[in-house]
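Hi everyone, thanks for coming. Let me put the structure up on the screen and then we'll walk through it.

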Amino acid sequence: MDPIGNLDQRIRECIRTRGFEELSEIQDRAIPLVASGKHLVLIAPTGTGKTESAMIPVFDRMLKERTGGFTTLYITPLRSLNRDMLGRLSWWCRELGISVGVRHGDTKPAERRKQALSPPELLITTPETLQALFMGKVLRKHLANVRYVVIDEIHELAGSKRGAQLSVALERLVPYSGEFQRIGLSATVGNPDEMGRFLCGRRPFSVVEVPVTRHLHIT
């Protein structure tokens, strides 16, 4: 079955425009599962397209369910990654007519006010800034429409104090938004089930893993 066959025509056109001659293994396996709404941990080597594996079907769902407010939170462990992701995802958002913004400790007050008045549908942020969103009366209201949370480099957070704070923040989000789809992106790790429990708690989840050895050629 074609993993992108049921996606919005605009999504398929973007995939062609972006020059995807064929999907990577992680994309081929993960896109249908993300589209089905499952909680997932996606594990694959760097450069295999994990971000698109998660975001292509999330973009599809966002186009079909326009709700206003923050619809998707993309959480990275570092502000520098926020900037990288903004550059990487802005093209898709521009082509699809989806608003996107980034928020972290250095975000200027003018941009913060703008986001409070007109929140982007996709917000790229950090674990600490997610917690700060609960402190603003207006921002808390915008969290009501969150349907998808993607955590990049989840292996960098699991098992740390920052990770514990993020787990608490995700549970604090549930009373505002209701249950949302959780997607974790990770480089190769030896404990994928622990990554899943960190991300989802007691909720059921699936792991899609592409071993790094498939991408090695040794002579």
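Let's start with a quick one: which residue in E6 does Val41 stand opposite? That's Gly184. Strand E1, residues 40-43, and E6 run parallel, and 4 bridges join them.

Before going on, a word of caution: this is a predicted model. The chain averages a pLDDT of 88, and 96% of the residues score at least 70. Among the elements, strand E5, residues 148-151, has the highest mean at 97, while helix H5, residues 109-117, has the lowest at 81. As a reminder, where pLDDT is low, the predicted coordinates should not be read in detail.

Okay, back to the sheet. It's an open one, with 7 strands in the order E3-E4-E2-E5-E6-E1-E7, and the pairing is parallel. At the edges you'll find E3 (100-103) and E7 (206-209), each pairing on one side only. On average, neighbouring strands are turned by 15 degrees against each other, ignoring direction. Now look at helix H8, residues 161-177: H8 lies across E2, E5 and E6, and runs at about 175 degrees to E5.

Of its 15 lining residues, the closest to the centre are Lys50, Thr51, Arg88, Asp152 and Glu153. Where does the lining come from? Helix H3 (50-64), helix H4 (79-96) and strand E6 (181-186) each supply at least two residues, and H4 gives the most, with 3. By type, the lining divides into 7 polar, 4 charged and 4 nonpolar residues.

That's it from me.

Terms used. Residues numbered from 1 in each chain as written. Predicted model: local features only at pLDDT ≥ 70, side-chain atom pairs only at ≥ 80, totals over all residues. Heavy atoms only, no water. 1 Å grid on protein atoms, 1.4 Å probe; cavity = no way out; pocket = protein on both sides within 12 Å on 5 of 7 lines; lining within 4 Å. Nonpolar A, V, L, I, M, F, W, Y, C, P; charged D, E, K, R; others polar. pLDDT = per-residue confidence, 0-100. Pairing = 2+ DSSP bridges. Axes fitted to C-alpha atoms, helices over the stretch in contact; angles between N-to-C directions. Contact = heavy atoms within 4.5 Å.
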